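Subject: A structure to look through

Dear colleague,

Here is the structure that I promised to hand over, and I would ask you to open it beside this message.

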Amino acid sequence: MRELILIRHAKSDWSNPLLDDFERPLNKRGSKNAPFMAKILKKEIQKPDLIISSPSFRTKLTLEYFLKKFEYKGEVIFEKSIYEAPFENLLKVIKNVDDKYKTIFLIGHNPGLNDLANFLLGSFEDNIPTSGVLKIDFDTNSWKNISKDNSKLIFFKYPKMFE
């Protein structure tokens, strides 16, 4: 059994048009929603074995809330190849994860996360909003073998469903 938790970064701040996309911080709503969703996820999952994150500033800030809530002291990989990447890049990163890790958090961006969920589940029509979290379980002993044939959506949660 393998568990993949997809986490879309929290809402980012667009107030400075001169700021490079990679460097955008979180806005007020993002700074409120990220810790809230970390709390929601903590009720569902004990702790990840590995966290893989885009290295963009907004994903790092989102990650901080999850690290704090989960009291996570394990390995965090900042993977440049998943920054604004197509789902194929994300899939390649996941399939190369060592099988000693059972539960992975992947913190990234859309449309890549949505496309990855759609590919892995065979069909995923929803949009993963900012701070959205999605848990997919795989009935396999190896990350190399994950596919739509052994996947199951366990939950999909996002801030607005709690308003």
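What covers the buried residues of helix 2 includes strand 1, helix 1 (28-44), strand 2, strand 3 (76-78), strand 4 and strand 5. In this message, helices (H or I, at least four residues) and strands (E, at least two) are DSSP runs, numbered from the N terminus, while buried means under 20% relative accessible area, exposed over 50%, and partly exposed in between, with a 1.4 Å probe and protein chains only. Please keep in mind that this is a predicted model, in which local features need pLDDT of at least 70 and side-chain atom pairs count only at pLDDT 80 or more, whereas totals for chains, interfaces and linings use all residues. Residues are numbered from 1 along each chain as its sequence is written, and side-chain values use heavy atoms, with hydrogens and water left out.

Helix 2 itself takes in residues 57-70, and its 14 residues reach 20 Å from the first C-alpha to the last, close to the 20 Å expected at 1.5 Å a residue (the expected span is 1.5 Å times one less than the number of residues). Its buried residues are Arg58, Thr59, Thr62, Leu63, Phe66, Leu67 and Phe70. Just after this helix, glutamate 71 takes a positive phi of about 50 degrees.

Turning to the chain as a whole, its secondary structure comes to four helices and six strands, and along the sequence they follow the pattern β-α-β-α-β-α-β-α-β-β. The radius of gyration is 15 Å, close to the 15 Å that the globule rule gives for 163 residues, so the chain is as compact as a globular protein of that length; this radius is taken over C-alpha atoms, and the rule is 2.2 Å times the number of residues to the power 0.38. Along its principal axes, the C-alpha trace spans about 45 × 30 × 30 Å. Of the 163 residues, 51% count as buried. Residues 24 or more positions apart account for 75% of the contacts with a separation of 6 or more, where contact means heavy atoms within 4.5 Å.

Next comes the interior. In soluble globular proteins, nonpolar side chains tend to be buried together. A nonpolar core is here a set of buried Ala, Val, Leu, Ile, Met, Phe, Trp, Tyr and Cys residues joined through side-chain atoms within 4.5 Å. The largest such core has 27 residues, of which Leu4, Leu6, Leu106, Leu116 and Trp143 touch the most other members. The elements that give two or more residues to this core are strand 1 (2-8), strand 2 (50-53), helix 3 (87-95), strand 4 (103-108), helix 4 (112-121) and strand 5 (133-138). A second, separate core of 17 residues includes Met37, Ile40, Ile45 and Ile51.

Leaving aside neighbours within four places in sequence, leucine 116 is in contact with Leu6, Phe87, Leu90, Leu91, Ile94 and Leu106. Isoleucine 94 lies in helix 3 and counts as buried, at 0% relative accessibility. With neighbours within four places again left aside, isoleucine 94 is in contact with Leu4, Leu106, Leu116, Trp143 and Ile146.

Finally, the structure holds six salt bridges, a salt bridge being a side-chain nitrogen of Lys or Arg within 4 Å of a carboxyl oxygen of Asp or Glu. One of them joins the side chains of arginine 58 and aspartate 21 (3.2 Å, N to O). Arginine 58 lies in helix 2 and aspartate 21 in the loop between strand 1 and helix 1, so the pair ties together parts that are 37 residues apart in sequence. Both arginine 58 and aspartate 21 are buried. Arginine 58 also meets glutamate 84 in a salt bridge (3.8 Å, N to O), and glutamate 84 is partly exposed, with a relative accessible area of 48%. Asp21, Arg24, Arg58 and Glu84 are linked in a network of salt bridges.

Another salt bridge is formed by glutamate 44 and lysine 157, whose closest N and O atoms are 2.6 Å apart. This pair links distant parts of the chain, with glutamate 44 in helix 1 and lysine 157 in strand 6 (residues 151-157), 113 residues apart.

With best wishes
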